[in-house]
Amino acid sequence: MKMIVTGGAGFIGANFVYYELREHPEDQIVCYDALTYAGNIATLAEARKSSQFTFVRGDIADRAAVDALFAREKPDVVVNFAAESHVDRSIETPEIFLQTNIIGTSILLDACRKYGIKRYHQVSTDEVYGDLPLDRPDLLFTEETPLHTSSPYSSSKASADLLVQAYARTYGVPVTISRCSNNYGAFQFPEKLIPLMVIRAMKGEQLPVYGDGKNVRDWLHVDDHCSAIDAIVRRGAEGSVYNVGGHNERSNIDVVRTILRVLGRGEEQISYVTDRKGHDRRYAIDPTKIGRELGWQPQTKFDDGIEAVVAWYRDHTSWWEDILSGVYEKRNAEA
Ligand code: NAD
């Protein structure tokens, strides 16, 4: 099988590339990535040594480039991770989110229609469901929860989901969608909560926590997300949406305190800052369907996973130092 993985130089996409190379040595992986500020070619250094793997630099919103890619590679499967993914950036500059997340998705879907495909998988997010109240722990997002978005990021992701479903219904494109909770793991860009806090804590800097820090996220280790997508792509029912989560709800302040504890640092490093505009209070996923239909279960408990991830950032300082210094952009420019 030949699989195009878009956005494979980013956090989850790169972890998925390594998961596929490990678990499916019979398959060919073509990573298609624009190498925006969030992409890092160095993350794929090991993958590029494999004869199973090819890297192609390109934009999913560039119709001619996507058409040429499909004509040349004739993929069986497309897994779309490529996206603008940072909520704060979407509040500052919404337009690029519409361009990549909506137009880019529609261009990929057009190529799937034109060239034929066995499966198009859209990597979506639990943020399309909006948020839940803090005082109703009994409420969880199911696949039937109405879409109800809060930020330009989540609106663009919800729009893409609707387009994917429309292409399935109107043109018969064989699609699946996964909606996952917050991920943590290796290779996450240092603007996101966990790497940001780990790096600042290690450097002895202040850790900026939005608002009162009580916003709750449902954390899943990135390897568990990758195994879920793999199961959906290979065995999931055509046309289906699957929620992916691990029942690991934690408030942001609890996550920050855990990081400080693992690193042996004190809570005087925490500082509270003005809340994000429209900040969602709580996300919580009900993953019953993927467990029932595909037998998927998360393998990593948050307390174990967070210790391993803190250790990863401690042991891979050059990976994130090259990002903070901007050196990674020079390598990207040569890719
Ligand atoms: P990321 O920002 O780390 O990586 C995005 C990747 O996409 C980068 O390599 C970037 O270069 C590439 N890209 C951006 N625009 C592109 C374009 N126009 N054409 C081609 N490539 C482009 O993102 P991530 O955290 O790995 O998230 C991957 C996907 O998973 C996204 O679709 C996101 O919405 C979804 N998701 C993320 C989380 C999370 O916790 N990070 C949770 C659920 C769902």
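Lys 74 sits in the loop between H2 and E4. The model shown here is predicted. In this model, Lys 74 is exposed, with a relative accessible area of 61%. Its phi is near 45°, a positive value in a residue other than glycine.

**Loop residues with positive phi**

- His 247 lies in the loop between strand E10 (241-244) and strand E11 (249-251).
- The relative accessible area of His 247 is 53%, so this residue counts as exposed, the cut-off being over 50%.

**Phe 70, in helix H2**

- Phe 70 belongs to helix H2, which covers residues 63-73.
- Its relative accessibility is 0%, so Phe 70 counts as buried.
- Setting aside neighbours within four places in sequence, Phe 70 is in contact with Ile 4, Pro 75, Val 78, Leu 108, Ala 111, Cys 112, Tyr 115 and Ile 117.
- Between Phe 70 and Leu 109 there are 39 residues of separation in sequence, and 11 Å in space from C-alpha to C-alpha.

**Helix H1**

- Helix H1 runs over residues 11-23 and has 13 residues.
- At 1.5 Å a residue H1 should span 18 Å, and its end C-alpha atoms are 19 Å apart, which agrees.
- H1 is largely enclosed by the rest of the structure, because 11 of its 13 residues are buried.
- Those buried residues are Phe 11, Ile 12, Gly 13, Ala 14, Asn 15, Phe 16, Val 17, Tyr 18, Tyr 19, Glu 20 and Leu 21.
- Their cover includes strands E1 (2-6), E2 (28-33), E3 (53-57), E4 (77-80) and E7 (182-184).
- Helix H7 is also part of that cover.

**Helix H7**

- H7 spans residues 222-235, with 14 residues.
- From first C-alpha to last, H7 reaches 20 Å, close to the 20 Å expected at 1.5 Å a residue.
- Of its 14 residues, 11 are buried, so H7 too is largely enclosed by the rest of the structure.
- Among the buried residues of H7 are Val 222, Asp 224, His 225, Cys 226 and Ser 227.
- Ala 228, Ile 229, Asp 230, Ala 231, Ile 232 and Val 233 are buried as well.

**Helices H4 and H5**

- Two packed helices are described by the angle between their axes and the distance between the axes.
- Helix H4 (residues 95-115) packs on helix H5 (residues 152-171) at an angle of about 15°, with the axes 8 Å apart.
- That angle makes H4 roughly parallel to H5.
- H4 passes H5 in a right-handed crossing.
- From H4, the contact includes Phe 97, Leu 98, Asn 101, Ile 102 and Arg 113.
- From H5, the contact includes Tyr 153, Ser 156, Lys 157, Tyr 167 and Tyr 171.
- By class, the contact of H4 with H5 has 10 nonpolar, five polar and three charged residues.

**Helices H6 and H8**

- The axes of helix H6 (residues 193-202) and helix H8 (residues 252-262) come within 10 Å and cross at roughly 40°.
- This makes H6 oblique to H8.
- The crossing of H6 and H8 is right-handed.
- Leu 193, Ile 194, Met 197, Val 198 and Ala 201 in H6 meet Asn 252, Val 255, Val 256, Ile 259 and Leu 260 in H8.
- The residues in this contact of H6 with H8 are nine nonpolar and one polar, with no charged residues.

Technical notes. Residues numbered from 1 in each chain as written. Predicted model: local features only at pLDDT ≥ 70, side-chain atom pairs only at ≥ 80, totals over all residues. Heavy atoms only, no water. Helix = DSSP H or I, 4+ residues; strand = E, 2+ residues; numbered from the N terminus. Expected span 1.5 Å × (residues − 1). Buried < 20%, exposed > 50% of the residue type's maximum accessible area, 1.4 Å probe, protein only. Axes fitted to C-alpha atoms, helices over the stretch in contact; angles between N-to-C directions. Parallel < 35°, antiparallel > 145°, perpendicular 65-115°, else oblique. Left-handed = near helix turned anticlockwise from the far one by under 90°. Contact = heavy atoms within 4.5 Å. Nonpolar A, V, L, I, M, F, W, Y, C, P; charged D, E, K, R; others polar.
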